[in-house]
Amino acid sequence: MPDPYTLTLPITRAKLASLRAGDEVMLSGPVYTARDATHARLVAEIAAHGGVLPYGLDGQTLFYAGPTPPAAMRPAGSVGPTTAKRMDAWTPPLLLAGIVAAIGKGVRSESVREAFASTGSVYFAAVGGSAALLATRVSASTPVAYPDLGTEALVRLDLVDFPVVVAIDSCGNDLYAQAASEWRRALAAFDTAQQNGDPR
Amino acid sequence: MIEVAAIADAVRRAISLVAVELRPDALVAMETALGVERAPRARRVLEQLIDNARIARTDCVPLCQDTGTVWVWLELGGQECVSGDIYAAVDAAVADAYRDGALRMSVARDALTDRTNTTDNTPAFIDITFRPRSGATVHVMLKGGGSDNSSVLEMLEPAAGMEGVRELVLRTVSAKATGACPPLVVGVGVGATFDKVALLAKKALLRPIGEPSANASVAAFERELLDAINASGIGPAGMGGDTTALAVNVLSAPCHIASLPVAVNMGCCAVRSVSIDVV
């Protein structure tokens, strides 16, 4: 098994272009937490400011997450991905405005898959339900905007070797659309090989 | 006579425990799954989830950032009396446990008209029922939004039969598993009425993983559903593999001669519940 890629954020779309759906990647560098309420405000601000992203978000990565309060002497509490599909309505305008990647979990709509491909952006999936482990990969937490939203505030998290898998690559390949059928095909091939006495 | 303080105390202890400690049956099921899982990426996901459970327990931090809504099911012996305002006492316990445990406040004031955060994770969602046995049992579950959002309820026609139930469960898993944090515990309710079938599905999630239904034909149906779900290839985290679900728990009940109500309540890999006997 090859070692996972290590990528440093922020990253250009040119560098993201070499990633393919299914690649396992360790991310280091800043990401910005954004859930439903955060997205609604960001998109409203973009519309009000002629398509320009606020808070220095141009070229940055969003993390669909709302952490628990800090604990265990760490800068951030437990923090894992929330369901990405809920952000679908707001994702195309954010990618067009300059967000280059997002971290979440679960399938996206067809129009969002196309938006990632047409802008050369990447959707990373983190493992849902592993928030205590993921919190150990956060080195700093800095409030940026919307403190009234509580856990939905826009917060910069600095990641160190944060494990993700490429879920939608810049060509529009979709891990979630492929993974189940690819595994079923691999098993069928394995079974056939066994029946034929292949020592694999 | 049961004091509300005893029930509130059980709720407080339950929340503090399950937020940070994976249900023992879920940890065993995950380790068993790792022993047989064949997909390399799926093995890494399972290892990450087992490691997560260890870190959460050791550091006393939440297993998942979504520390959920609180469901409290209070089962009372038929002769028992409860003194005081049980609803207020449970809500106070929830507020204490979420504040003291540094858990995430995840409740909106009103689904339709006011989505501001209540800031103390109340109200809890409470069911109270009676049973023949004396004493009281407090069941507490923290339910995450991702898995609850992936749940469905359909009123099938009786002609659909077991095959219709099977088709609905498999269709739901296939469409929604990736947002529900697999490996899943799938709770299935069949029967009762529109309002009560969802509660059957939720109660099914309380049954320990690996403990089949006491009804032999239901147990066989559970096994068949689990095998079919795990043949889907969806896998842990939806990234491909053998382990899509750890268990399918089915609860069935009487219903109208015209009806076949079915509810599928998804439980995530951080399934969090405990049942505490009071008195």
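Predicted model: local features only at pLDDT ≥ 70, side-chain atom pairs only at ≥ 80, totals over all residues.

Colleague: What is the average pLDDT of chain B?

Modeller: Chain B averages 97, where pLDDT is the predictor's confidence in each residue, from 0 to 100. A score of at least 70 is reached by 100% of its residues. The model has an ipTM of 0.96 and a pTM of 0.96.

Colleague: How many helices and strands does chain B have?

Modeller: Chain B has eight helices and 12 strands. These are DSSP runs numbered from the N terminus, with helices being H or I of at least four residues and strands being E of at least two. The radius of gyration of chain B is 19 Å, close to the 19 Å that the globule rule gives for 279 residues, so chain B is as compact as a globular protein of that length. That radius is taken over C-alpha atoms, and the rule is 2.2 Å times the number of residues to the power 0.38. The C-alpha trace of chain B spans about 50 × 50 × 40 Å along its principal axes.

Colleague: And what share of chain B is buried?

Modeller: Buried residues are 48% of the 279 in chain B. A residue is buried if 20 or more other C-beta atoms lie within 10 Å of its own, exposed if 12 or fewer, and partly exposed in between, with C-beta atoms placed from the backbone.

Colleague: Turning to the partner, how many residues of chain B are in contact with chain A?

Modeller: On chain B, 38 residues are in contact with 39 residues of chain A; contact requires C-beta atoms, placed from the backbone, to lie within 7 Å.

Colleague: Which element of chain B gives the most to that side?

Modeller: Helix 3 of chain B does, with nine residues. The side of chain B that touches chain A has 20 nonpolar, 15 polar and three charged residues. Here Ala, Val, Leu, Ile, Met, Phe, Trp, Tyr, Cys and Pro count as nonpolar, Asp, Glu, Lys and Arg as charged, and the others, Gly among them, as polar.

Colleague: Within chain B, which residues of helix 6 meet helix 8?

Modeller: Met162(B), Arg166(B), Val169(B), Leu170(B) and Val173(B) in helix 6 meet Phe221(B), Leu225(B), Ala228(B) and Ile229(B) in helix 8. By class, this contact has eight nonpolar, no polar and one charged residues.

Colleague: Where are the cis peptide bonds from Leu9(A) to Pro10(A) and from Pro182(B) to Pro183(B)?

Modeller: The Leu9(A) to Pro10(A) bond has omega near -10°, and Pro10(A) is in the loop between strand 1 and helix 1 of chain A. For Pro182(B) to Pro183(B), omega is near 10°, and Pro183(B) lies in the loop between helix 6 and strand 9 of chain B.

Colleague: Last, what is phi at Ala72(A)?

Modeller: Phi of Ala72(A) is near 55°, a positive value in a residue other than glycine. Ala72(A) lies in the loop between strand 3 and helix 3 of chain A, and it counts as partly exposed because 16 C-beta neighbours are inside 10 Å.

Definitions and conventions. Residues numbered from 1 in each chain as written. Chains lettered and ligands numbered in written order. Contact = placed C-beta atoms within 7 Å.
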